[in-house]
Amino acid sequence: MPAKTPPKTVYNPDKIRQKKRSIGIVAVVLLVVFTVLAIAQVMTFLEWLLGDLVVAGVANLLFRRIGKTPP
């Protein structure tokens with residue numbers, strides 16, 4: 001019985017670039033919102049710092065996952 005090969009994925013650099021741009025826009029908007037909330041003293045400094053670190057970390061992980069090109 002022959003082994004099943006995974007389906008071929010089409011590498012589309014424009015689609016990947018658009019996804020990365022969308023992730024970047026969402027991350028920047030969230031960072032600005034957190035900063036405005038911290039300036040307005042709705043959030044404490046520690047909450048602002050943790051929120052920024054979480055947003056930056058998640059965006060970084062998504063960038064790395066999307067950036068991998070198929071073999």
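A residue counts as partly exposed when its relative accessible area lies between the 20% under which it would be buried and the 50% over which it would be exposed. The legends below describe close-up views of a predicted model.

**Figure 1. Leu37, a partly exposed residue of helix α1.** Leu37 is found in helix α1. Its relative accessibility is 31%, so Leu37 counts as partly exposed. Leaving out residues up to four places away in sequence, Leu37 touches Val42 and Met43. Trp48 stands 11 residues from Leu37 in sequence, and the two C-alpha atoms are 8.2 Å apart in space.

**Figure 2. The pairing of helices α1 and α2.** The axes of the two helices, α1 and α2, come within 10 Å and cross at roughly 180 degrees. An angle over 145 degrees counts as roughly antiparallel, and α1 is therefore roughly antiparallel to α2. Among the residues of α1 that make the contact are Ile16, Lys19, Lys20, Ile23 and Gly24. On the side of α2, the contributors include Trp48, Gly51, Leu62, Phe63 and Ile66.

**Figure 3. The largest nonpolar core.** Six residues form this core: Ile23, Ala27, Phe34, Met43, Val55 and Ala59. Helices α1 (13-39) and α2 (45-67) each supply at least two of the core residues. The greatest contribution comes from α1, with three residues.

**Figure 4. Asp52, a buried charged residue without a salt bridge.** Asp52 has its place in helix α2. The residue is buried, yet it has no salt bridge. Where is the nearest side chain of opposite charge? It belongs to Arg64, which is 19 Å away. A salt bridge requires a side-chain nitrogen of Lys or Arg within 4 Å of a carboxyl oxygen of Asp or Glu, so the distance to Arg64 is beyond that cut-off. Apart from residues up to four places away in sequence, Asp52 touches Leu31, Phe34 and Thr35.

**Figure 5. The salt bridge between Asp14 and Arg17.** Side chains of opposite charge can pair when their charged atoms come close. How many salt bridges does a search of the whole structure find? The search finds one. In this salt bridge the side chains of Asp14 and Arg17 meet, at 2.8 Å from N to O. Because Asp14 and Arg17 are three residues apart in helix α1, they are separated by about one helical turn. Arg17 has a relative accessibility of 46% and so counts as partly exposed.

**Figure 6. Gln41 in the loop between α1 and α2.** Most residues other than glycine have a negative phi. Gln41 has a positive phi of about 60 degrees, although it is not a glycine. The residue lies in the loop that runs between α1 and α2. With a relative accessible area of 70%, Gln41 is exposed.

**Figure 7. Asn60 of helix α2 and its distance to Gly24.** Asn60 lies in helix α2. Is this residue buried or partly exposed? Its relative accessible area is 37%, so Asn60 is partly exposed. Asn60 and Gly24 are 36 residues apart in sequence, and their C-alpha atoms are 9.4 Å apart in space.

Definitions and conventions
Residues are numbered from 1 along each chain as its sequence is written. This is a predicted model: local features need pLDDT of at least 70, side-chain atom pairs count only at pLDDT 80 or more; totals for chains, interfaces and linings use all residues. Side-chain values use heavy atoms; hydrogens and water are left out. A nonpolar core is a set of buried Ala, Val, Leu, Ile, Met, Phe, Trp, Tyr and Cys residues joined through side-chain atoms within 4.5 Å. Buried means under 20% relative accessible area, exposed over 50%, partly exposed in between (1.4 Å probe, protein chains only). Helices (H or I, at least four residues) and strands (E, at least two) are DSSP runs, numbered from the N terminus. Lys and Arg count as positive and Asp and Glu as negative; His and the chain ends are not counted. Contact means heavy atoms within 4.5 Å. Axes are lines fitted to C-alpha atoms, for helices over the stretch in contact, and angles run from 0 to 180 degrees between N-to-C directions. Angles under 35 degrees count as roughly parallel, over 145 as roughly antiparallel, 65 to 115 as roughly perpendicular and the rest as oblique.
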